Amino acid sequence: MASLLCLSLLAAAAAATSPGRLVPFDLLYADGVRAYLARDWARAAELLQRALHSYAGLRAARRACRAACAREEPFAGGPGRWEAALLGPVLQRAGCLQRCLGRRLRPAPSAHRASRAVRRDFQRREPYNYLQVAFFQLKKLDQAVSAAHTFFVANPQHLQMREDIEKYRRMSGVKSDSFQDLEATPHWEAYETGVQHYDADEYLQAVARLEESLSEALSALEECRALCEGPREDEDEEEKMQPGLYEAIAAHYIQVLKCRQQCVLEIATKPGRISATEDFIPSHLDLLQFAYGQVGNQTLAAECAASYLLFYPTDEPMLEKMKQYCTELGEDAAVAARQNIQHYVQRSLMEKKLIYYAVEHLGETFNDPDLWTPDELIPENLREKHREDQEKQKQETLDVEEREKRGPLPFEGIAVTMDSQQMNGTQRVVFDRVLTESECKDLLRLTKAAGEAGDGYRTRRSPHTPHERFEGLTVLKAVQLAQNGDVEWRDAKLLLQASEKSRKIIESYFTPGKKLHFSFTHLVCRRAVDGEQEGRMDLSHPVHADNCLLDPEGQECWKEPPAYVYRDYSGILYLNDDFQGGGLFFTEMDTVTVTAEVHPKCGRLVAFSSGKENPHGVWAVSRGRRCAIALWYTHSQEHAEQERVKAEELMEQRAVEQDQPDGDKHQGTDRSSRSSAEPRVPRRATKPADQGQKPGLDRKQHPKVLRARDEF
């Protein structure tokens with residue numbers, strides 16, 4: 001049934017490009033959603049499928065017409081005044097497009113312009129979300145599974161769909177081949193298969209699939225570029241003075257050029273991922289030259305190397321390989337880069353040159369998607385910023401390699417469970433086995449005092465939600481409670497030691513050789529309020545960034561009070577997992593798109609940089625009590641946690657008193673030294689660069705950014 005659905009979608013999309021009525025997809029989508037809300041499942045399924053057909057047909061018609069008109073009305077120089085020579089062909093091309101689209105689209109092409117919100121829904125595959133429910137209600141299980149899987153591929157952070165997919169997998173009668181992506185892109189399927197063969201040293205199979213991927217990717221790029229020539233999408237902008245003739249032409253043309261440049265990111269971004277695969281086209285050539293060399297086809301290996309050098313002409317390892325290939329082939333061998341790659345590079349450089357002119361003289365902005373853009377192409381006054389952006393990207397890419405040079409962590413037995421790449425971000429990491437089960441139990445015993453005589457909260461409502469109660473304890477308060485005999489000294493000492501152990505781990509991982517000071521330490525618990533969890537929609541802690549004020553609408557994070565701007569790194573050391581909800585999650589700047597999640601458990605430490613690159617929140621605690629040590633660190637000595645200094649002084653005073661004769665009765669009761677072992681000195685291992693090393697695929701995914709305050 002899933003294959004039938006896929007075929008029907010393709011057939012309808014093809015039919016939609018032929019003459020006849022093509023109903024605007026946004027109208028069909030709106031009617032489909034209304035039918036869905038009315039629980040008219042059959043009509044909802046029909047309308048949503050027709051909306052997808054119409055959307056595909058509209059895109060196909062636009063691509064076909066632009067390609068046809070490029071052939072029928074090519075741009076060429078002509079005699080006469082420059083305006084006739086330039087604008088005459090432009091007018092002819094416009095007329096061709098109007099006639100072509102008018103033949104293919106009924107009603108008029110203007111009726112098919114949808115709002116930005118609707119277009120975004122289709123780009124995110126939202127209709128499939130509705131479709132899977134409608135098909136499920138109609139007991140068309142295979143089609144429901146295909147629709148669900150198609151949506152989930154592009155939205156892997158969607159928690160409800162993740163649960164639905166797991167339920168489908170457990171259902172009897174669901175076929176494994178029903179889990180197919182109805183909008184799969186051929187180049188990604190070929191690329192991933194090719195990389196698998198490459199990693200397995202199966203080079204013959206690798207070159208076949210990578211060549212297929214490269215060809216399909218270049219085709220997808222052309223289709224994307226063709227769609228860039230559509231109307232300007234300014235309906236959401238504030239009304240402003242209309243530009244003159246030349247300004248309007250220039251502004252629209254630059255918009256088209258920037259769209260074309262961004263197409264490389266579109267084809268290089270796997271559905272469901274946030275960031276593009278870095279250097280997607282050049283990396284194909286890099287992998288292919290090595291694979292062809294391994295199968296003994298030096299001619300094609302040299303061709304791929306020459307093509308790669310069009311992007312990076314000074315790349316020393318590739319120049320060495322090129323010299324080797326030329327030696328093996330002989331001096332008379334003619335080695336040239338591929339023509340399609342030459343065309344790709346020349347066209348891209350021409351467009352970049354025009355865009356940078358507009359940036360310099362017309363006030364335009366441009367985020368260059370390529371790392372290989374030569375410096376000489378960029379205006380002198382823009383080069384410094386471009387270099388900074390490139391260095392930042394390169395640094396993020398080298399994070400994994402740099403961590404390998406840091407040597408082992410400062411304590412035995414601690415494991416890195418997830419790094420930044422696995423968490424789809426930068427400066428994020430999860431460690432396990434930081435505490436033992438017995439240490440977690442001792443600290444949980446200490447949390448009981450937080451509820452009774454903590455920092456004045458006394459199980460009051462959480463400052464972030466009325467549906468939870470909050471208990472907190474600082475290190476100084478813990479030591480003072482120990483002085484009063486309300487808690488055991490060993491438990492208060494363990495809180496100091498556990499947080500210090502976390503500091504050393506985070507410092508050695510993120511900033512080796514650069515001191516991190518405590519900014520604030522807080523033993524906190526959140527308890528779900530009984531009888532107030534039904535239909536709850538809020539979070540335990542809203543999405544925010546730790547050292548800046550998050551502005552999702554403006555896509556900014558302002559480093560100004562009341563944000564704690566001096567905080568550099570943050571950590572959460574979990575003590576338990578016997579509760580429901582309460583996990584940490586990271587998002588994009590929009591505060592909605594989840595990029596990674598961390599599930600609490602005893603001894604797990606999640607650490608991350610405190611800036612806008614790591615917006616995060618906490619899911620609602622819907623049952624039980626979640627306890628953890630919240631930690632913030634700073635490089636600034638002047639912002640070091642003064643309460644901690646006082647707590648350590650009191651702890652030292654206690655140790656001195658125990659050394660006195662009348663303190664003998666206390667000795668032997670403090671067993672918390674089990675976590676105070678000095679760390680081993682990390683071995684900084686460096687491995688020499690190998691010019692003949694197999695090209696790797698360590699491509700980091702970069703997320704985006706996020707609200708402030710985080711004291712609790």
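**Strand pairing and helix packing**

Mentor: Strand 11 (residues 584-587) pairs with strand 14 (residues 616-618) in the antiparallel sense, over three bridges. Keep in mind that this is a predicted model.

Trainee: Which residue of strand 14 does Phe586 stand opposite?

Mentor: His616.

Trainee: OK. In what order do the strands of the open sheet run?

Mentor: The order is 6-14-11-12. Four strands form that open sheet, and the pairing is antiparallel.

Trainee: Which strands stand at the edges?

Mentor: Strand 6 (541-544) and strand 12 (594-598). Each has a single partner strand, so one side of each has no neighbour in the sheet.

Trainee: And how are neighbouring strands turned against each other?

Mentor: By 20° on average, with direction ignored.

Trainee: Switching to helices. At what angle do helix 2 and helix 6 pack?

Mentor: About 35°, with the axes 11 Å apart. Helix 2 covers residues 25-37 and helix 6 covers residues 126-137. Their crossing is left-handed.

Trainee: Which residues make that contact?

Mentor: From helix 2, Tyr29, Val33 and Tyr36. From helix 6, Glu126, Pro127, Tyr130 and Val133.

Trainee: How does the contact split by class?

Mentor: Six residues are nonpolar, none is polar and one is charged.

Trainee: New topic. What does UniProt list for residues 200-227?

Mentor: A "coiled-coil region", from an unreviewed entry.

Trainee: What is the helix and strand content of that span in the model?

Mentor: Residues 200-227 are 89% helix and 0% strand. The end C-alpha atoms lie 38 Å apart.

How values were computed:
Residues numbered from 1 in each chain as written. Predicted model: local features only at pLDDT ≥ 70, side-chain atom pairs only at ≥ 80, totals over all residues. Heavy atoms only, no water. Axes fitted to C-alpha atoms, helices over the stretch in contact; angles between N-to-C directions. Helix = DSSP H or I, 4+ residues; strand = E, 2+ residues; numbered from the N terminus. Left-handed = near helix turned anticlockwise from the far one by under 90°. Contact = heavy atoms within 4.5 Å. Nonpolar A, V, L, I, M, F, W, Y, C, P; charged D, E, K, R; others polar. UniProt positions renumbered as here; feature names shortened; annotations may be inferred. Pairing = 2+ DSSP bridges.
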